[in-house]
Every structure is written in structure tokens, then in C-alpha cells.
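This report covers selected local features of one chain.

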Amino acid sequence: MTSQLPAEPQLIDAAEGGIPSALADLGRLVRIPGIAWPAFDQEQLQRSAQAIAQLAEDTGVFDEVRVRTAAIPETGEQGQPAVLATRAARNGRPTVMLYAHHDVQPPGDEALWETPPFEPTVRDGRLYGRGAADDKAGVMAHIAALRALRETYGDDLDLGIVLFVEGEEEYGSRSFTSFLADHAEEMRSDVIVVADSGNWDAETPAVTVSLRGNAKFHLTVRTLDHASHSGMFGGAVPDAMMATIRLLSTLWNDDGSVAVDGLAAREAETPAYDEDTLRSETGLLPGVQPIGNSSILSRIWNKPSITVTGIDFTSVAAASNTLSPEVTVVVSARVAPGQSAQDAYDAIERHLRAHAPFGAELAFSEIDLGNGFLVDTSGWAVETARGAMRDGYGKDPVDLGVGGSIPFIADLVERYPGAQILVTGVEDPHSRAHSPNESLHLDTFRHAVLAETLLLARANARTV
């Protein structure tokens, strides 16, 4: 059942009025290079977590705000700092968890950035900087919506709220399950809003209804027990690089689609999306053709893909006339929604072992698996979110599939099987998350804040 809604024009005015301060705070967060990779300064993640904890405290919404860590199950070491803020529900209202993450990807080659990656810069209606979109904008969308609710309701807000801002999502959420276990009752929620996805375009909102899983691993190929002279033995002895190239090439068909038996595809309709749009959103060079078959979005949302994302080998500057004994590559596979990541990994490993050329020795390590996700769209929260997006953006939302992966959602579903999951975000197809010149479309951010404010207000009008 529902009770009378608050005066929504007041909510909208409060949300609109808070956008400038939210963007200023976002700029301050972007300046903190919080990267969970051990090679980077880990003190920056502490700075980032403390800054967000203070922002949460200053909303005046929460009963308790803490910065916490949890143990990594495999090693027992402490994971990266997360922010957990809680407010108990009153008068039978639901509890909503707001998720985002404050850690960011490494900047990569800074020469490829038009402006410094941790120097927030506005140009052409976008805010540039590492984490400006992924996912510090998600953090600030939550904070801005909570500020608007506080301004409008004062002490009369009955909605239960859990704010969970993770500190290691980009590094594999290694302590995520432990964190959930440590704080299971505090974090128990009726609705979970994961603000780490994107929209159809800069003007059209989206509810993410499917995500691919992932299977990532290191593959080491060995053919020799030591390096040898390429002139003395080349032509008779297979070097590791040759074997690796031959082996990896078996993973794809001639059209670039995956050629591994046992990798599944999902059958589902997709919206219209043409090659020109693909080229615009990805920077595909004029003479380069797309890969795969069937509709473009089906290839991205519903079919598996395999990418080699890293290699350990002699650099160009240090190259010599040598037959290499060993090569290690990083293989990253995206798994169709509905197939378990373990089954997909097993299929890829079987394929590689069956196709190892010249009897090359293969070793597999650093295996990282995450299941995909299909959203149950039948609950009240999805319909409420769609309505809030329609009013916040002024356009009907699109049901979106995403080719990327958010594996921890499966952990949330397992821990809280009755919770309704909403996957939203502030990115658009030109945000370039994880890439140089990452950016946030400022008007998209404004609409996202309005939509989330309306979603939470309408949740506050429900009883459970």
C-alpha cells in the first residue's frame, strides 16, 4: 500500500538547487587518486573514504556513519576501506541500499589525456577526470539525492537507508563477501540501487536488466627451458610467442565471434542500434569492420566475448634475436547472462588445452570468476524507478543490457534473496570509463539526481 506523496515540486527544487554543490564536491573527490592496485599509494583510498564518510555525515540523514574494512577470504588480509552509513526505517517504510564505489581505475598513459587525469576539468558540457563518471558520480548522485530529501522532509523522513560505498570494485571486490557477512543485518534492505551502470545516451535513461559475467585468468605458454639463439635454432624449435599466437588464434572464428564449444549465448530481443552508432560511440577506425554476427547489441549484451588484455614479454626496446621460452597473457572473457562463470571458464580451459600447438606446456593462474545477472523486473521498485526516471529525465527509460560485468550483484542476491535489485548509473556511451579522457555529461548527472530523489521519495511513501 502507499501513502500520500510529498509535494514533488519542492523535492525537484531542492535537488536542482543542490547540483552546483554536488558537482563541486565531485570535483574534490576526483582530485583524490584512490586506486586499489598495490602499486599505487594506498593512503589515497583512506583519504577518499574519509571524505565520503564526511559527506554522508553532513547530510544529517544517518544514525551512524563508519569507515570499515573486511578480510579477503583467500589471504586473510584486510581489504580496502568502505563507507557504511545506516538509518533505520520507521513506520513500516522500506529500507533502500544505495551502492557505489569510490576507488578508480589507474590512469594509464597520462600522455593520452587532454588534461591531467586527477585535475577535474569542464569543457563542452562534460567534467573530465578519472572517476568523474565511474563511479564517483554515482557516489555524488546518492549524496545529492539524500541532501534533497533531508531539505524537503527534515526529521519526517521514514525511509530506511543504507549507504555502502565500496573501495575496491575496480580491483575485484576481493573482500566484498566478507563485508556483507560482517554487516549482514545492518545492510539488510528491501531494495538495492547499484549506481554503477550507464544510460542509453546522454538524454535517455536506462534500467539495466542484464549483465554479462566474467572469467579472467593468466595463461602461461612454455616451449623451452631456456632462451636460444633464433638464428641457430629458428625454424626447428617453436618459441613460446609463436605457440601463443597460434593458440590464441583458435579462440575466434574468421568473423571474430568466439569459437569455443561450451560457451553459451542468450536469446533475447534488442533495440535498434546501427553500425554508425557503434562507430560513433567506440572510435572504430574507418577501415576497421565490426566483428561477430547477429544484431550488434546482441553481440554485446547476450553473447560471449574473449579479449587478451595483457602480455608479459620482451619490450620492443629490449628485443633481441632470441627464441623465447615462455609467454604469459591475461585472457578476459565475458560470459552470456544465464551461464555460470565457472562453466564458461572450464570450457575455455578445455579448448586451450585441446589446441595447444607443438605440445606446448600450458599453466593457468590468477583465475577470477564472476557470474552475470538477469534483473527480475516484476517488483514495485522497478516500476517506481521507471516512473522516477521518466519524470527526472523527461524521457521514457530504456531497458538496457550491459556487456560489462558487476559480479558482486550475484553476492547481493545470494545474501538478500528477497531484495529487489535496481542497476542504474550516470554514464553515457561517450563517458569512456576505464579509458583516457573519462568524463561525465553534466546534464545527465543533473537528471540522474532528480530521478534518484524522486525514486527515494516515492519509496518513502510506501509501506512494506
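## Thr95 in strand β3

Thr95 sits in strand β3, which covers residues 95-101. The model is predicted, and in it Thr95 counts as buried because its relative accessibility is 13%, under the 20% cut-off.

Leaving aside neighbours within four places in sequence, the contacts of Thr95 include Ala89. Thr95 also touches Gly160, Ile161 and Val162, as well as the run Arg188, Ser189, Asp190 and Val191.

## Asp156 in a loop

Asp156 lies in the loop that links α4 (136-153) to β6 (160-166). Is Asp156 buried or exposed? Asp156 is exposed, since its relative accessible area is 58% and the cut-off is over 50%.

Arg90 is 66 residues from Asp156 along the chain, and the C-alpha atoms of the two are separated by 9.6 Å.

## Nonpolar cores

The largest nonpolar core has 96 residues. Phe62, Met187, Ile409, Leu440 and Phe445 have the most contacts inside it. Helix α4 gives the most to this core, with eleven residues. Another core, of 27 residues, lies apart from it and has Ala240, Ile306, Val329 and Ile348 among its members.

Not counting residues up to four places away in sequence, Met187 touches Leu84, Met97, Val162, Phe164, Phe179, Leu180 and Tyr416.

## Helix α13

Helix α13 has 19 residues, 442-460. From first C-alpha to last, α13 reaches 27 Å, close to the 27 Å expected at 1.5 Å a residue. Of the 19 residues of α13, 16 are buried, so the helix is largely enclosed by the rest of the structure.

Definitions and conventions:
Residues are numbered from 1 along each chain as its sequence is written. This is a predicted model: local features need pLDDT of at least 70, side-chain atom pairs count only at pLDDT 80 or more; totals for chains, interfaces and linings use all residues. Side-chain values use heavy atoms; hydrogens and water are left out. Helices (H or I, at least four residues) and strands (E, at least two) are DSSP runs, numbered from the N terminus. The expected span of a helix is 1.5 Å times one less than its number of residues. Buried means under 20% relative accessible area, exposed over 50%, partly exposed in between (1.4 Å probe, protein chains only). Contact means heavy atoms within 4.5 Å. A nonpolar core is a set of buried Ala, Val, Leu, Ile, Met, Phe, Trp, Tyr and Cys residues joined through side-chain atoms within 4.5 Å.
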